[in-house]
Amino acid sequence: MTDDPALDLARKVLDSQPFSRLVGARVTAFGDGRAVLEVDVRPELLQQNGFLHGGVLSYAADNAITFAAGTALGPAVLTAGFSIQYMRPAVGRTLVARASVVHAGRRQAVVRCDLLTAAEEDGAETLCAVAQGAVLAAESSRD
């Protein structure tokens, strides 16, 4: 628990997602149009060449984008879509997904997410992918 009720709630929401628990994701910042999601790199998250699997980067981008949008649109949000550009292989000890709202309307937000990996020794971060997505406020009732 922290002194930040919004961050505590975001952590509870993330923990309610079985896949997020499987990956070992954690929310480290949440509020004011921003969210940071982190995943520790471990062998079962790597692809055949020893790099962090692109699906893990994509997962982190999707969730960080949605959490950031939730700070602007409210807690009931759904990803409408996103794109990701991989720039270099992800290697390091921790994947960091930093998302920030670029524009928010009443029902939709556009969010950018930088995906970085932190190195073992000095903690220096390397940008490995960039994502952008649209998030919609969810309807209060299902059709």
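A residue is called buried when its relative accessible area is under 20%, exposed when it is over 50%, and partly exposed in between (1.4 Å probe, protein chains only). The structure is a predicted model, in which local features need pLDDT of at least 70 and side-chain atom pairs count only at pLDDT 80 or more, while totals for chains, interfaces and linings use all residues. Residues are numbered from 1 along each chain as its sequence is written, and side-chain values use heavy atoms, with hydrogens and water left out.

Rings of Phe, Tyr and Trp (its six-membered ring) pair if their centres lie within 6.5 Å, and planes under 30 degrees apart count as stacked, over 60 as edge-to-face and the rest as tilted; a search of the whole structure finds two such aromatic pairs. Phe 19 and Tyr 59 form an edge-to-face pair, with 5.4 Å from centre to centre and 70° between the planes. Helices (H or I, at least four residues) and strands (E, at least two) are DSSP runs, numbered from the N terminus. Because Phe 19 belongs to helix α2 (residues 18-23) and Tyr 59 to helix α3 (residues 54-73), the pair ties together parts that are 40 residues apart in sequence. Phe 19 is partly exposed at 49% relative accessibility, whereas Tyr 59 is buried at 11%.

The rings of Phe 30 and Phe 67 are also edge-to-face, since their centres are 6.2 Å apart and their planes stand at 80°. Phe 30 lies in strand β1 (residues 25-31) and Phe 67 in helix α3, so this pair ties together parts that are 37 residues apart in sequence. Phe 67 is buried, at 9% relative accessibility, while Phe 30 is partly exposed at 21%.
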